[in-house]
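Dear colleague,

I am handing over the structure we spoke about, and below it I have set out what was found. Please read the notes with the structure open beside them.

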Amino acid sequence: RGHLRACDLRARAPEAWRLDVPPELGLLTAIALGNDRNWICAGTSRGFVALWDTRYGVLAKLWRHSARSTIHRLATCARLPLSSAESPPAPLAFVAAGANQVAVWDLAQGGACRQCFRAIRTHA
């Protein structure tokens with residue numbers, strides 16, 4: 001069984017919290033903390049993206065990348081880089097998986113893909 005553990009260096013307890021990672025999800029390959037520090041997004045070797053609520057220690061949502069390939073990197077943000085300052089903040093995750101592909105997932109909207117970026121080789 002796998003776990004995701006957090007330590008609080010200010011406390012005397014050996015760990016602040018522990019989240020269980022179901023073995024069928026694969027090995028953890030990427031982790032990103034939410035902007036409000038209330039959730040953690042983790043990617044696995046089998047293409048799963050898991051969302052944990054750190055306040056209650058529960059697995060809140062689970063998605064699988066359409067390519068079913070390893071999640072290479074994760075990053076979180078509240079707004080897209082070129083969006084206006086008036087746009088409301090939303091929990092977004094940049095998910096890098098597959099062949100040179102990065103997608104922006106809206107975690108509040110059930111993991112809906114907002115944008116997809118892909119690097120394509122051209123022969124000049």
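The structure holds five salt bridges, a salt bridge being a side-chain nitrogen of Lys or Arg within 4 Å of a carboxyl oxygen of Asp or Glu. Before the details, please note that this is a predicted model, in which local features need pLDDT of at least 70 and side-chain atom pairs count only at pLDDT 80 or more, while totals for chains, interfaces and linings use all residues. Residues are numbered from 1 along each chain as its sequence is written, and side-chain values use heavy atoms, with hydrogens and water left out.

Side chains of opposite charge can pair when their charged atoms come close. Among the salt bridges is one between the side chains of Arg 10 and Asp 8, with 3.0 Å from N to O. Arg 10 is exposed, at a relative accessible area of 76%, whereas Asp 8 is partly exposed at 25%; here buried means under 20% relative accessible area, exposed over 50%, and partly exposed in between, with a 1.4 Å probe and protein chains only. Another joins Asp 53 to Arg 55, whose closest N and O atoms are 2.9 Å apart; Asp 53 counts as buried at 13% relative accessibility, and Arg 55 as exposed at 52%. Arg 114 and Asp 106 also form a salt bridge, with their closest N and O atoms 2.9 Å apart, and in this pair Arg 114 is partly exposed at 44% while Asp 106 is buried at 4%.

Turning to the strands (DSSP runs of E, at least two residues, numbered from the N terminus), there is an open sheet of four with the order β3-β4-β5-β6 and antiparallel pairing, where two strands pair if DSSP finds at least two bridges between them. β3 (28-33) and β6 (58-64) stand at the edges with a single partner strand each, so one side of each is left without a neighbour in the sheet. Strand β4 is joined by five bridges to β5 (residues 48-53), the two running antiparallel, and Gly 43 has Val 49 as its bridge partner in β5.

Which residues does Thr 44 touch, leaving aside those up to four places away in sequence? Thr 44, found in strand β4 (residues 39-44), touches Leu 25, Gly 26, Leu 27, Leu 28, Thr 29, Thr 70 and Ile 71, contact meaning heavy atoms within 4.5 Å. At 1% relative accessibility, Thr 44 counts as buried.
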